[in-house]
Amino acid sequence: MAGRFEVRGDVGIIWIDNPPVNAISHAVRLVLVDGLKQAAGNDAVKAAVIACEGRTSMAGADITEFAGGMKEPGLPEVIAEMDRFGKPLVAAIHGTALGGGFEVALGCHARVALATAKVGLPEVKLGILPGAGGTQRLPRLAGAEAALPVMISGDPISAEQAAGMGAVDKVVQDNLLDAAIAYARELVGQELRRVRDMPMPAVPAGFFEEARKATAKQKRNLYSPQRIVDAVEAAATLPFDEGMARERELFMDCLRNPQARALQHVFFAERQIAKIPNLAADVKPREVRKVAVIGAGTMGGGIAMNFANAGIPVTILEMSQEAVDRGLGVIRKNYDATAAKGRMTAEQVEQRMGLLTPTLSYDDLGDADLIIEAVFETLEVKHKVFEQLDRVAKPGAVLASNTSYLSIDTIAGYTKRPADVLGMHFFSPANVMKLLEIVRGAQTAPDVLATALDVAKKIRKVGVVAGNCHGFIGNRMLEGYAREANVLVLEGATPQQVDTALVKFGMPMGLFQMMDLAGLDIGYKSRKDRDPASLHPYAYRMSDMLVEAGRMGQKTQAGVYDYAPGDRTPKPSDITAKFIREVVEEVGLPQRSFTDEEIIERCFLALFNIGCEVLREGMAYRAGDIDIVYLYGYGFPAYRGGPMFWAENSIGLANALDKIRGYAAAYGDRWWKPSPLLEKLVAEGRSLKDAV
Ligand code: NAD
């Protein structure tokens, strides 16, 4: 049983008890219906309360049920039953009442919440909308203006905020159940406050048009937020039952839209990432109370901020006083900017700065539990640093490198404790980007890996474990994407056409915009360090010419694009166009035009094919892990599910393989050799899910 019915004096209590989060399973729905029936049929019962056992109210639907279809009664029918219930009905809310859990509360005649409770309608995050009356009832209680942002953002709000907008009737500090029972008794004898019968508060003229525009901007390309606006408009313009019918229609529209499947994939993939094969469940992470960061440059500063934000003290080591002053200065500027936006107090800025201790001496690192190196990207420099770390770090300290491409095993070999070494690869800006690639070296100890995963959670990063290979998961795959984008502009597409296609597809910016932002010199330098035979013969020639002409990107106000002073808007550049023509002539490349679709397929199938290799080699544990890397590290649109999900679901594996074979025929196996894993999956008619 997922709950029970209890009579306490003249009040019936419908208890929900479905650990761990009281997800609204079929059994829970039956408990609700049965409780209502018993309360209705018992003359001694004058009112009823819906309360939940455990740490939280109903935290949402049981989304594992989505796939197989809902068993009757569905939640809308259960809530309709609540509407037919003839006695006062009060929801007691603690923990988080989310999605269907909040809709059940909205179906009651009153809501009493613990002050620590949160409520919300997060359906939008799964590409759908509240489908059990939430879009009709919340606006009746709170008005469309307050209700809409709750549904469009999907973020939970506090009990106080909910009370402020009229969605919660009473907030209590403790004794929730007693308060709910008392409230229910107060309502006995009064007219029932059915939300369905409440008049909809007036909506300002033009409100929905404005809301559609604002939503289109804020939730670019997303389908369900617009349908949420439609549903709330229905609440404002139609009688309740017609509004409910409209909500159902719109809900089904969302469910049928491919975005919903993609977002659900993301939801599950994100929950999988912490499951690490060959890592026993009883492995305990090491304790991390103090951290040290080596290098206070672009990455080191951001990395240090993550720990300061989590209240963990950080010692920052640099080569010179000047460098460390500059590094701390940038951190302070970042915090001040946040404070200026009102998202932090001046005191908090000082508190966080107070957690950062600069040093020039390795002898100050002896008490650090975790040391993260973020110095220049060369093995010589890393070698020197890790030798020093080996000398001063206490036994058991975890030694991490933020290297983008270098071998973690080589770096571990610079110490006498390779088991304590691993990669912690942050993404720029490190204090903002959610992704942390955790690179497991050949000798990395299980508890060191567990420590990095634990640290990722503490600093609110999404930690994905990667194997040790050139570029790990994300940057390794990026090479295929960057290569093809660069070749496309040599075959007749322009950088702006490629970027526009990528942005339309949903990327936050185009590849060439990204290169200009990061600095073209970064790729240039890394190519100089590589064996020329490992590089595409002409893909990067335009980039090299730009750097050699002093065009490094935004920082020099000229890169692939031109920039006006103080303006980050990319403008097509004649010089870039000239360089492209020169390469085209020199290599003798035929010119043609490209559709946006071709551009996307060429870029992302190249990336996907390498993704298959990453999987085949065991450098990622699951295709979903790769998707998470691209979502949180590179801004791949979540509503497309990630590059692996996109290739499988939007293109189809067999079709993708055909296209890759076609490219191989045109451009050679060297760059387009189909991944044997992809060939095998297609031959056997299996899915990427089977590639574990
Ligand atoms: P950066 O040049 O901005 O900073 C490097 C800092 O390290 C400089 O402040 C320098 O003074 C300091 N440094 C150099 N040698 C040192 C030494 N021996 N001891 C102490 N300090 C030393 O470089 P960055 O962009 O922050 O990159 C650092 C590392 O992070 C590299 O390995 C890079 O590949 C990696 N990374 C960079 C990015 C990015 O987007 N910039 C992203 C992920 C990873």
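1. Contact here means heavy atoms within 4.5 Å. With that cut-off, eleven residues of domain 2 are in contact with nine residues of domain 3. The model is predicted, and the points below should be read with that in mind.

2. Domain layout. The protein splits into three domains. Domain 1 covers 3-256, and domain 2 covers 291-469. Domain 3 is made of two segments, 475-618 and 622-690. Taken over C-alpha atoms, the centres of domain 2 and domain 3 are 29 Å apart.

3. Area between domains 2 and 3. How much area is buried between domain 2 and domain 3, and what share comes from carbon and sulfur atoms? The buried area is about 980 Å². Carbon and sulfur atoms contribute 66% of that area. On the domain 2 side, Tyr405, Leu435 and Val464 lose the most area to domain 3. Together these three residues account for 40% of what the domain 2 side buries.

4. The salt-bridge count between domain 2 and domain 3 is zero. Which strands supply at least two residues each to the side of domain 2 that touches domain 3? They are strand E16 (435-440) and strand E17 (462-467). By class, that side has seven nonpolar, two polar and two charged residues.

5. Ligand surroundings. The ligand is surrounded by 23 residues. The closest are Met299, Glu318, Glu377, Lys382 and Asn402. For Glu377, an N or O atom of the side chain is 2.5 Å from an oxygen atom of the ligand. For Lys382, the distance from a polar side-chain atom to a ligand oxygen atom is 2.6 Å. For Asn402, the corresponding distance is 2.8 Å.

6. Cis peptide bonds. Two are listed here for checking. The bond from Glu72 to Pro73 is cis, with omega near -5°. Pro73 sits in the loop between helix H2 (64-68) and helix H3 (75-84). The bond from Ser428 to Pro429 is cis as well, with omega near -10°. Pro429 is in the loop between strand E15 (421-426) and E16. Strand E16 also supplies at least two residues to the side of domain 2 that touches domain 3.

7. Backbone at Asn175. Asn175 is not a glycine, yet its phi is positive, at about 45°. Where is Asn175 placed? It lies in the loop between strand E9 (170-172) and helix H8 (176-187).

8. Salt bridges. How many salt bridges does the structure hold? The count is 48. One of them pairs the side chains of Glu65 and Arg29, at 2.9 Å from N to O. This pair links distant parts of the chain. Glu65 is in helix H2, Arg29 is in helix H1 (residues 26-41), and the two are 36 residues apart.

Key:
Residues numbered from 1 in each chain as written. Predicted model: local features only at pLDDT ≥ 70, side-chain atom pairs only at ≥ 80, totals over all residues. Heavy atoms only, no water. Domains from an automatic or database assignment. Buried area = accessible area lost by both parts, 1.4 Å probe. Salt bridge = Lys/Arg side-chain N within 4 Å of Asp/Glu carboxyl O. Helix = DSSP H or I, 4+ residues; strand = E, 2+ residues; numbered from the N terminus. Nonpolar A, V, L, I, M, F, W, Y, C, P; charged D, E, K, R; others polar. Near = heavy atom within 4 Å. Polar contact = N/O pair within 3.5 Å; in protein donor to acceptor, adjacent residues only side chain to side chain.
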